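Trainee: Please take me through this model slowly, and let each answer close on the item I ask for.

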Amino acid sequence: MYYLEQLRALVRRYLERRSPDPRIQHTFIVQSINRVGGMLGIDIFTPGYSSTNLLLRMVLLNTFTFFWINLYSLTTTYGNLVDFMYSFETLLYVGIACIKMYVFIKNKTLILQMHQYMIDFFDHFHGDREQDELLVRTLNNTTLLSSLFAVCSSSAPGLLFVGSLLWSIAVEYVLPFGFFIPTVGMDTLQGYTLNYGFQMLETTLMVIGIISSESAFFMFQQNACLQVDMLRYSKSMCSLFELHFFIVFGCIFFQLVSNVVVIVSVPDWYPGYFLFIMLTVQLFFSCALGETFNIKSDELTVAIYNVPWYNMEVRDQKAMRLLLMASQNPGRLSYGFGTVNMRAFFEIFRKTYSIAMMMISVNEEE
């Protein structure tokens with residue numbers, strides 16, 4: 001907790017160097033997320049943004065090509081447990097990439113409406129010291145979450161690439177991931193270099209996409225925790241991310257199952273440990289923030305219920321009644337089979353272990 005507070009203080013000083021005005025800090029965070037997404041042509045916060053831009057088309061073409069290359073790698077490695085499962089895991093990343101692009105491009109109008117709502121919200125409450133402190137704390141949390149997630153998401157594949165390169169120099173050619181360019185052999189230095197560069201490019205694009213989309217989710221989630229005025233905003237956010245979590249959690253679940261199967265069967269398969277950490281981090285951040293959002297929603301309901309409505313005028317009592325009724329059914333982040341919270345996190349891991357052990361036992365019997 002001590003180190004977390006130190007990081008939060010560091011983030012606060014960093015944002016205050018930009019400006020002490022929370023409105024400018026909010027604009028800076030949005031622009032930062034937009035710049036990262038712009039590397040893939042998904043800078044939807046840019047005025048006049050068009051989903052038909054050339055960069056996005058190239059990314060979509062690359063995603064399509066990446067899918068078929070992974071499918072080819074999957075068919076050629078059938079029978080080899082490690083290589084087959086490895087190719088299967090990277091193939092599922094195509095599903096994660098597609099749903100993230102779909103959600104942000106398809107729902108661009110809703111996202112921009114939520115963004116404008118937050119701009120108006122910051123303008124309305126700016127000026128009061130207590131409110132400004134609340135806004136600044138929200139912005140600090142958003143920046144800290146995005147930074148920690150970016151470090152965790154990029155360090156795991158980074159270590160994987162460094163480790164495979166050192167092993168290739170010292171022992172034999174080994175690629176970080178299971179997919180490879182068809183007809184390009186890995187026995188020669190030239191073939192290995194091409195495949196290594198191709199994997200680095202695809203991994204970089206994937207990490208950029210995950211960081212930008214998750215950072216946007218962090219921002220929306222933290223904004224939704226600003227209590228009373230956010231009831232409608234919260235429901236819009238939950239509607240926006242429901243399909244996203246359904247596909248992402250499904251892909252992560254199957255990736256974890258295949259990962260556990262290989263790690264248990266081949267304990268010295270070290271790349272699997274890095275992938276396991278990367279998948280766990282992504283799942284944990286989403287579930288932990290979902291838990292926080294649910295707690296805030298419950299706290300809001302209790303706070304409204306404890307308001308001394310009986311001292312109000314009849315008109316205000318009716319308004320308070322409507323507000324209480326609305327808070328009884330707050331938006332809940334869902335992944336299709338339940339609520340996104342820490343219970344879902346542990347449930348996914350419990351089912352992962354059960355199915356993985358069942359697959360291993362069936363394989364041993366055969």
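Trainee: What span should the 17 residues of helix 2 have, and what distance between the end C-alpha atoms is it to be set against?

Mentor: Helices here are DSSP runs of H or I with at least four residues, and strands are runs of E with at least two, numbered from the N terminus. The expected span is 1.5 Å times one less than the number of residues. Helix 2 has 17 residues (22-38) and should therefore span 24 Å, which agrees with the separation of its end C-alpha atoms, 24 Å.

Trainee: Before we go on, at what pLDDT do side-chain atom pairs count?

Mentor: Residues are numbered from 1 along each chain as its sequence is written, and side-chain values use heavy atoms, with hydrogens and water left out. This is a predicted model, in which totals for chains, interfaces and linings use all residues, local features need pLDDT of at least 70, and side-chain atom pairs count only at pLDDT 80 or more.

Trainee: Which elements are included in what covers the buried residues of helix 2?

Mentor: Buried means under 20% relative accessible area, exposed over 50%, and partly exposed in between, with a 1.4 Å probe and protein chains only. On that scale the buried residues of helix 2 are Pro22, Gln25, His26, Phe28, Ile29, Val30, Ile33, Asn34 and Gly37. Contact means heavy atoms within 4.5 Å. The cover of these residues includes helix 1 (2-18), helix 5 (108-125), helix 6 (129-170) and helix 7 (189-224).

Trainee: Which helix supplies the largest share of the lining of the largest pocket?

Mentor: On a 1 Å grid over the protein atoms alone, a cavity is a set of points where a 1.4 Å probe fits but cannot get out, whereas a pocket is an open set with protein on both sides within 12 Å along at least five of seven lines, and lining residues have an atom within 4 Å of a point. The largest pocket is lined by 25 residues, with Trp167, Val174, Leu175, Trp269 and Pro271 nearest its centre. Helix 4 (81-106), helix 6 and helix 9 (270-305) are the elements that give two or more residues to this lining. The largest share, 5 residues, comes from helix 6.

Trainee: What volume does the largest cavity have?

Mentor: Grid points are joined across faces, edges and corners, and a volume is the space filled by probe spheres set on the points. The whole structure holds 2 cavities of 30 Å³ or more. The largest cavity has 34 lining residues, of which Leu40, Leu205, Met206, Gly209 and Ile210 lie nearest its centre, and helix 7 gives the most to the lining, with 10 residues. Its volume is about 530 Å³.

Trainee: What phi does Thr183 have?

Mentor: Thr183 lies in the loop between helix 6 and helix 7, and it is exposed because its relative accessible area is 80%. Most residues other than glycine have a negative phi. Thr183, although not a glycine, has a positive phi of about 70 degrees.
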